[in-house]
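Colleague: I would like to learn how to read a model like this one. Please take me through the features one by one.

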Amino acid sequence: MRRISIFGATGSVGANGVDLIRRGGGADAYDVVALTGGRNIARLAQMARDLRAEIAVTAHPELLDDLRDALSGSGVRAAAGEAALIEAAAMPADWMLSAIVGSAGLAPGLTALAQGAVLALANKESLVCAGGLLRRTGRDSGATILPVDSEHSALFQALAGEKLDSVRDVTITASGGAFRDWPLERLAAATVAEASTHPNWAMGQRITIDSASMFNKAMEVIEAKEFFGLAPDRINVLVHPESIIHAIVNHIDGGSIAHMGAPDMRHAIGFALHWPERRALPVPPLDLARAASLTFRAPDETRWPALRLAREVMAAGGAAGAVFNAAKEQALDDFIAGRIRFTDMSPRVETTLSALSGEAGFGDDPDTLQAVLEWDALARQKAAA
Ligand code: NAD
Ligand code: MG
């Protein structure tokens with residue numbers, strides 16, 4: 001039986017992963033090693049019982065007793081805290097879904113990769129803050145990284161069997177998020193609740209707000225560069241409000257291959273779960289007659305300055321990705337807590353990048369986990385409101 005682990009199992013992507021495992025036969029079909037979560041102990045314990053996991057880990061040490069209680073009599077081991085997450089990631093597994101949100105997902109993902117597991121990567125922050133380190137770790141252990149982000153899964157599928165030399169450029173689409181059609185002057189007053197709604201995708205709160213600010217797409221451009229080794233000027237963003245086309249590969253001969261599908265993450269998660277095969281998935285079939293029309297527009301960098309910042313981060317290289325991601329996470333924390341306005345996030349990230357760009361070593365690719373985490377901590381400190 002395939003040994004699988006899901007990190008961030010209680011989140012939006014993680015729970016979809018658990019759902020697919022359940023529908024695929026659960027504990028009778030998969031050997032579930034580790035499931036991890038945060039504060040939702042009841043949900044984590046229920047998942048671990050259902051799938052007869054070896055271990056369940058909460059990120060929060062103060063919740064260990066609650067988790068133990070919730071698992072009593074189940075035979076599932078309980079553990080808590082950062083070190084326990086890494087120990088769980090080091091337990092031999094064939095496939096690991098990395099679905100923790102934020103740079104907190106980096107260390108467990110790296111650990112799983114180092115022991116040779118196929119890493120199904122939803123945690124785009126890892127690639128943004130440590131793309132080189134992840135690639136090298138995977139190469140050294142012979143492990144594979146598969147994209148779970150829908151646009152990158154789409155590119156991966158559209159690129160299958162093609163040579164990168166024949167690719168002129170690629171396009172990833174963006175719905176435009178909650179404020180796509182808002183007058184610009186209203187953005188400064190946008191509330192957390194308003195930013196936390198998405199027109200097409202049901203996702204965790206942080207990525208939903210990042211969709212409204214386009215920090216999500218900015219990170220995805222960097223993710224595409226890291227994942228596919230494409231030069232930044234060969235990665236385009238296109239606003240596509242219907243979220244039916246997820247990505248397009250444009251070839252040098254004028255042909256373009258687009259990947260389409262209903263906006264349902266179970267496609268990308270299931271694709272990575274069954275790769276290199278395809279299996280039936282509980283995803284609604286595409287109904288283009290019902291969609292009726294697909295529309296597109298160029299992204300406006302006045303509305304979404306994060307897209308310009310992503311280009312600057314890629315041009316700078318070195319520690320810029322780690323700083324960009326951490327400054328964004330801090331700015332998002334501050335927006336959610338009501339300390340800054342929606343429109344303060346991008347300037348704060350930009351100021352942090354320019355403040356730290358003069359630090360020694362900024363131009364060097366951080367090649368250890370510790371180096372990445374040091375830049376991460378420094379950037380959060382600088383960006384804090
Ligand atoms: P979510 O907030 O719904 O879930 C996050 C999970 O991570 C939860 O299980 C939570 O307990 C855990 N977690 C949070 N902070 C943690 C910490 N410090 N240490 C350990 N665990 C922690 O998030 P999500 O929307 O499922 O997104 C997860 C990842 O997938 C993100 O990197 C996101 O960018 C990416 N992603 C999500 C979607 C989506 O549809 N939701 C699509 C593409 C990519
Ligand atoms: Mg995406």
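Colleague: How much area do domain 1 and domain 2 bury between them?

Modeller: The size of an interface is often given as the accessible area lost when the parts come together. Here domain 1 and domain 2 bury about 1900 Å², counted as accessible area (1.4 Å probe) lost on being put together and summed over both parts. Carbon and sulfur atoms carry 65% of it. Lys-124, Val-128 and Pro-147 supply 34% of the area that domain 1 buries against domain 2, more than any other three residues. Remember that this is a predicted model: local features need pLDDT of at least 70, side-chain atom pairs count only at pLDDT 80 or more, and totals for chains, interfaces and linings use all residues. Residues are numbered from 1 along each chain as its sequence is written, chains are lettered from A and ligands numbered from 1 in the order in which they are written, and side-chain values use heavy atoms, without hydrogens and water.

Colleague: Where do the domain bounds lie?

Modeller: Domain 1 spans 3-147, and domain 2 covers 152-263 + 290-384. Those bounds come from an automatic or database domain assignment. The C-alpha centres of the two domains lie 25 Å apart. In contact (heavy atoms within 4.5 Å) are 21 residues of domain 1 and 28 residues of domain 2.

Colleague: How many salt bridges are there between domain 1 and domain 2?

Modeller: Three. The rule asks for a side-chain nitrogen of Lys or Arg within 4 Å of a carboxyl oxygen of Asp or Glu. Arg-135 and Glu-226 form a salt bridge at 2.6 Å, N to O.

Colleague: Which elements give two or more residues to the side of domain 1 that touches domain 2?

Modeller: Helix H5 (106-114), helix H6 (124-141) and E7 do. H6 gives the largest share, eleven residues. Helices (H or I, at least four residues) and strands (E, at least two) are DSSP runs, numbered from the N terminus.

Colleague: What is the strand order in the open sheet?

Modeller: Strands of a sheet pair through backbone hydrogen bonds, either parallel or antiparallel. Two strands pair if DSSP finds at least two bridges between them. This sheet has seven strands in the order E4-E3-E2-E1-E5-E6-E7, with parallel pairing. At the edges sit strand E4 (77-80) and strand E7 (145-147), each pairing on one side only. Strand E3 (residues 55-58) pairs with E4 over four bridges. Thr-58 has Ala-80 of E4 as its bridge partner.

Notes: Buried area = accessible area lost by both parts, 1.4 Å probe.
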